[in-house]
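Keep the sequence and the 3D view open while you read.

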Amino acid sequence: RWERPAPTRHRHRKTMAALASSASAACFASALPGRRAARRGALTVRAGSGGAPPAPHDEKDEPFDARGFRRELSQTDQYNRKFIKDPESAKAMEDAGIGMVSRGGLVSQMRESGFSYVRDDVTVKLADAYGFCWGVERAVQMAYEARKEYPGQNLWITNEIIHNPTVNEQLLKMGVKFIEETPLGKDFSGVQEGEVVILPAFGASVHEMKLLAEKGVSIVDTTCPWVSKVWNAVDSHKRKEFTSIIHGKWEHEETVATASFAGVYCVVKDMKEATYVADYILNGGDRNEFLTKFENAYSKGFDPDIDLDGVGIANQTTMLKGETDRIGKLMERTMMEKHGVKNLNEHYTVMDTICDATQERQDAMYKLVDAKPDIMLVIGGFNSSNTQHLQEISEDYKIPSFWVDTPGRLTDENTILHRLAHGELVETKDWLPKGDLVIGVTSGASTPDKVVEEVLDVVFATKAKLSSAAVAA
């Protein structure tokens, strides 16, 4: 059993309980001075018997500094975000079929031979950027390292470590417990002092961090550094008294976490919603209609007549890069038209928070669909946002595209249960045609190579069966 190196700043480190109690009931921010008010509401977390949700912030107190709280939290003995790259943990992942690469497997062979493979009448074209990204690999391996470091303790995780069923099932087999989601929110009542809680790759809200600090647990924070970069961006907006326009899905765990670090915010899902906001900025509109349209997608007390005077752009890291860029340019043009070019910096700000891995996989997908394969296979979790956007690209190009999460969605009877980009689950019979076939293949950033190989195994078996039937006929 390896030991984590002792911290070098013991004299300056606080206990998490002391930190939490000094953080002053952190879930509500009082109004910031100036023309814009930061009125952030609390995420509902059910604490159960283990403790009550944090109380509202007193208006006389200073606004809660979410970023500062996390920074101080990171200096406590019971917080760990170090990725030590333990080779035994990496080997255990590979043995379980959830390593970043499947050494010697078909995907590895394709990568070494021009991202192409031919078997009988099937040609497979693999995207030149696909599958596990560095942030996902890091998060999963940190969970394995935590299991090794705390062999006799209860390990919890606040959500799926990543959006892939194969990986999460493997963690369950290792004895990692998942915090239950209830109609009232997450139920942390089972988590006891001294136990270990893992924060997933897409992060956790600052409210959950504070609750865990109050419980006195050990935290293993696997949050992807690209997600943390977005948190820094919305914190910058808050300090400038700007409203954060977050390109994302308000119910997605990453966006929930990002919003908890923001001051005033409004989440827009796509260009259509962003255009509605831009039109409201320029021309005004029906306030109640706005609030109804974006219900659940803005901060507590948000007022579109007041809080859109200055905006900053941020994004859920898995959204379409091109759309985030277009939303940013739209808001920039809107503020120039509203306030004049020379006053732009007083009303608009943007930081580059688009994840490299997301961008690379989307660029590779565009390259793949430009080659016009006969059909596309997109492999990744059905709740994976980045995989959804890969499927969306293929559908936009009018290529027959089949999104599956596991090999169990296919049968050698030539049927496939697949998902469309906007949620419908469809069963298609005779999806693989007879004769020569070119299949484009990509996988989401949370998908192990082994899953891709197992899906292709079913494809090859099905095609072989079709060929045999044709010969027999």
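Asp-325 has a relative accessibility of 35%, so it counts as partly exposed (buried means under 20% relative accessible area, exposed over 50%, and partly exposed in between, with a 1.4 Å probe and protein chains only). Its partner is Lys-321: the two side chains meet in a salt bridge, 3.0 Å from N to O. A salt bridge here is a side-chain nitrogen of Lys or Arg within 4 Å of a carboxyl oxygen of Asp or Glu. Lys-321 is partly exposed too, with a relative accessible area of 23%. Both sit in helix α12 (residues 321-339), and because they are 4 residues apart there, about one helical turn separates them. Helices (H or I, at least four residues) and strands (E, at least two) are DSSP runs, numbered from the N terminus.

A word on where this comes from: this is a predicted model, in which local features need pLDDT of at least 70 and side-chain atom pairs count only at pLDDT 80 or more, while totals for chains, interfaces and linings use all residues. Residues are numbered from 1 along each chain as its sequence is written, and side-chain values use heavy atoms, with hydrogens and water left out.

How many salt bridges does the structure hold? There are 19. Here are three of them, including the pair you just met.

| Pair | N to O distance |
|---|---|
| Lys-321 and Asp-325 | 3.0 Å |
| Asp-86 and Lys-148 | 3.1 Å |
| Lys-465 and Asp-412 | 3.7 Å |

Take Asp-86 and Lys-148, whose closest N and O atoms are 3.1 Å apart. Asp-86 lies in the loop between β2 (79-80) and α3 (87-95), and Lys-148 lies in helix α5 (residues 134-149), so this pair ties together parts that are 62 residues apart in sequence. Asp-86 is buried at 8% relative accessible area, whereas Lys-148 is partly exposed at 22%.

Next come Lys-465 and Asp-412, with 3.7 Å between their closest N and O atoms. This pair links distant parts of the chain, 53 residues apart: Lys-465 is in helix α15 (residues 449-472), and Asp-412 is in the loop between β17 (410-411) and β18 (415-419). Lys-465 is partly exposed, with a relative accessible area of 39%, and Asp-412 is partly exposed at 38%. Salt bridges can also share partners: Asp-65, Arg-67, Asp-235 and Arg-239 are joined into one network that way.

**A buried lysine**

Is Lys-186 buried or exposed? At 11% relative accessibility, it counts as buried. You'll find Lys-186 in strand β8 (residues 185-187). Its side chain makes a polar contact with the side chain of Glu-208 at 3.0 Å. A polar contact is a pair of N or O atoms within 3.5 Å; within protein, one must be able to donate a hydrogen and the other to accept it, and residues adjacent in sequence count only if both atoms are side-chain atoms. The Lys-186 side chain also reaches the backbone oxygen of Thr-158, at 3.1 Å.

**Strands side by side**

Strands of a sheet pair through backbone hydrogen bonds, either parallel or antiparallel. In this model, 5 strands form an open sheet with parallel pairing, in the order β2-β10-β9-β5-β6. At the edges are β2 and β6 (176-178), each pairing on one side only. Two strands count as paired if DSSP finds at least two bridges between them. For β2 and strand β10 (residues 218-221), which run parallel, there are 2 bridges. Look for Asn-80, which stands opposite Val-220 in β10.

Elsewhere, strand β15 (residues 375-379) pairs with β16 in the parallel sense over 4 bridges, and Val-378 stands opposite Trp-403 in β16. Which faces of strand β16 (residues 401-404) are covered? Both are: Ser-401 and Trp-403 on one side, and Phe-402 and Val-404 on the other, are all buried.

Finish with Met-351, in the loop between β14 (348-350) and α13 (356-370). Met-351 is partly exposed, at 34% relative accessibility. Met-351 and Asn-232 are 119 residues apart in sequence, and their C-alpha atoms are 9.5 Å apart in space.
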